[in-house]
Amino acid sequence: MRTSMILSFLLFFVICLGLTFIGCKGEQGPAGPPGEGFTGLEGFAAGIKCATCHSSDQDTVYYVAARRYQWSTSTHAIGGRSERNAASCAGCHTTEGFQQRWREGWTTQVVKQVDNPSPPGCFACHSPHARNNFTRRDTSAVTITSFIDGVPDAVFDYGNGNICARCHQTRTSSPMSPKPNPTKTATTDTITITSNRWYPHYGVNAQMLMGTGGFQFADYTYAGSSPHTNNTILKQEGCVKCHMAEPIGGGGGVVGGHTFKTIHEEEVASPVYNLTSCRDAACHGSSFSTFDYISQSSALTGGQGVQTYIERYLDTLGTMMKDTNVVKKWTVGTPKPWLTASGTVNASASSPLRIVPASRAGALYNYFFLEHEGSFGVHNSKYAIQLLQSSIAELRKP
Ligand code: HEC
Ligand code: HEC
Ligand code: HEC
Ligand code: HEC
Ligand code: HEC
């Protein structure tokens, strides 16, 4: 008791001391010098009142306590991958690295290694001290690098959701090589894959929403994307609309908001789904009840729900690529499966995977694109289904 009181006083003293340095009387605190490398301090806005956000009571303006709690249950907080703090990873896996990228005007994903890293938190997406509010750190459109030869980079512009795509995009630091190329369809075109990581980095959700980034075979007619791609509300809110629907009303707080979750499954008898945004009157309406939706894509799925369809046929594609008899026609040298039993790319520098015609490797690319995308068709059912169907058709060619 005594010790904790002494500690509290000490803490209070330290904060007061800090405040005299940063200017608690309201003058502008020292802003982090832009461009001069990482300082970790963005400063405090003039006239900032600490208790607006740090109150002993519950605030009903920003609900900081509730939002902090929600965030603390999110994968951002507890996914555990902020140990990816090396130069080429920290820019998306840590708050400190993300701030560095922002300072550099997003010109590079490679930052200085972050020691004592913290996961993507409040000060990644916001700058509450320097701005004295919770506006998004950045809302500008995001250019996402294309990893398919001949396909231009894509510009992601979904308003409020743009901050998400700053990280939920392919990683440029270790680009897959060689890139797949839809025009390499001649029987003399061979692609040599030497890495078991021959796929774009995991967060391809933004590309999926836009309907880009997948491998499109030259002789297959792709008929566009699902209504999500150009929906007026989603064009303004993007990822935020669905993943951060406000947890208001009964049962709030385990999905949506700063949990970023669409489903809560831990320690509950049946999963809690975040259907708030789907049920928007301008979207699916109040009776909407499932992510496994039978939508405009029904004709493509033979009437199955989109998630059921994607999971089933993703499995089919994976099984085909594990079967030497299926893929040997398109493999140079000693026939071997394209995927290992555990589902990784069956290639290394000493035992490369050679595919002919090279364009056929697009099926392998699409498999990982869909597998890592994570929504199993929710983000863009029509595009996802077509990528899958064209890939399976490609491997079934005589
Ligand atoms: C606009 C809201 C806002 C205002 C105003 C604000 N802060 Fe903060 N501050 C935050 C948020 C959000 C965090 C992140 C920590 C958390 O609550 O999870 C934070 C974190 C901190 C931390 C780190 C504590 C920790 O455990 O992470 C300190 C110290 C701090 N603030 C001091 C201050 C001081 C001093 C002032 C007034 C000069 C102030 N803040 C004003 C929002 C604010
Ligand atoms: C600073 C980079 C960054 C930003 C900005 C960011 N994310 Fe993330 N996100 C990540 C990382 C990294 C992970 C994986 C974390 C881990 O596993 O440790 C992740 C995980 C997630 C997950 C959970 C994935 C899973 O498999 O459980 C969701 C959902 C998500 N993010 C949605 C969003 C949304 C929505 C936004 C925008 C509001 C956003 N993210 C903004 C980096 C970011
Ligand atoms: C451009 C941003 C970005 C960079 C740079 C980045 N990552 Fe990630 N990474 C993400 C996001 C976003 C996720 C979460 C994706 C999801 O859950 O859909 C993620 C997920 C992961 C995962 C989890 C994969 C899984 O199966 O769930 C691992 C492992 C990982 N990253 C490792 C790394 C390593 C190692 C580096 C550096 C060499 C790195 N990342 C660089 C954005 C990035
Ligand atoms: C991955 C990005 C991300 C992280 C991390 C994040 N936020 Fe947010 N936050 C957002 C986005 C996007 C919105 C806008 C939500 C909307 O429009 O519905 C938002 C909205 C808010 C708002 C409401 C803003 C307003 O003007 O009413 C508050 C308050 C807030 N966040 C606090 C926090 C706190 C506190 C933390 C840390 C515990 C945090 N955020 C972490 C992305 C993030
Ligand atoms: C139309 C609503 C909607 C939009 C827009 C949307 N998502 Fe999702 N997303 C979902 C749903 C629903 C799931 C869960 C599917 C499942 O697991 O059943 C999901 C799954 C995910 C996952 C897989 C991990 C998880 O939490 O299940 C990630 C990561 C993700 N979304 C990120 C994003 C990002 C980043 C954006 C913006 C580029 C985005 N989403 C846009 C609805 C949406």
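Start by selecting H379 together with ligand 5: a polar side-chain atom of H379 sits 2.7 Å from a nitrogen atom of the ligand. A polar contact here is a pair of N or O atoms within 3.5 Å; within protein, one must be able to donate a hydrogen and the other to accept it, and residues adjacent in sequence count only if both atoms are side-chain atoms.

Before you go on, note that this is a predicted model, in which local features need pLDDT of at least 70 and side-chain atom pairs count only at pLDDT 80 or more, while totals for chains, interfaces and linings use all residues. Residues are numbered from 1 along each chain as its sequence is written, chains are lettered from A and ligands numbered from 1 in the order in which they are written, and side-chain values use heavy atoms, with hydrogens and water left out.

**Around ligand 5**

Then pick Q307: an N or O atom in its side chain is 2.8 Å from an oxygen atom of ligand 5.

**Aromatic rings**

Next, show the aromatic side chains: the structure holds 13 aromatic pairs. Rings of Phe, Tyr and Trp (its six-membered ring) pair if their centres lie within 6.5 Å; planes under 30 degrees apart count as stacked, over 60 as edge-to-face and the rest as tilted. Select W198 and Y365, an edge-to-face pair at 6.2 Å centre to centre with 75 degrees between the planes. W198 lies in the loop between β3 (191-193) and α9 (205-210) and Y365 in helix α15 (residues 362-373), so this pair ties together parts that are 167 residues apart in sequence. Both W198 and Y365 are buried (under 20% relative accessible area, with exposed over 50% and partly exposed in between; 1.4 Å probe, protein chains only).

While you are looking at rings, pick out Y199, Y202, Y367 and F368, which ring pairs link into a cluster.

**Charges over rings**

Select R360 with W330: the charged end of R360 sits over the ring, 3.9 Å from its centre. Then move to R137, which lies over the face of W102, 4.5 Å from the ring centre. The criterion is NZ of Lys or CZ of Arg within 6 Å of the ring centre and within 35 degrees of the ring normal.

**Backbone stops**

Finish with the backbone. S177 and P178 are joined by a cis peptide bond, with omega about -10 degrees, and P178 is in the loop between α8 (162-165) and β3. Another cis peptide bond joins V356 and P357; look for P357 in the loop between β6 (353-355) and α15.

Last, select E267, whose phi is near 55 degrees, a positive value in a residue other than glycine. E267 is exposed, with a relative accessible area of 85%.

Definitions and conventions:
Helices (H or I, at least four residues) and strands (E, at least two) are DSSP runs, numbered from the N terminus.
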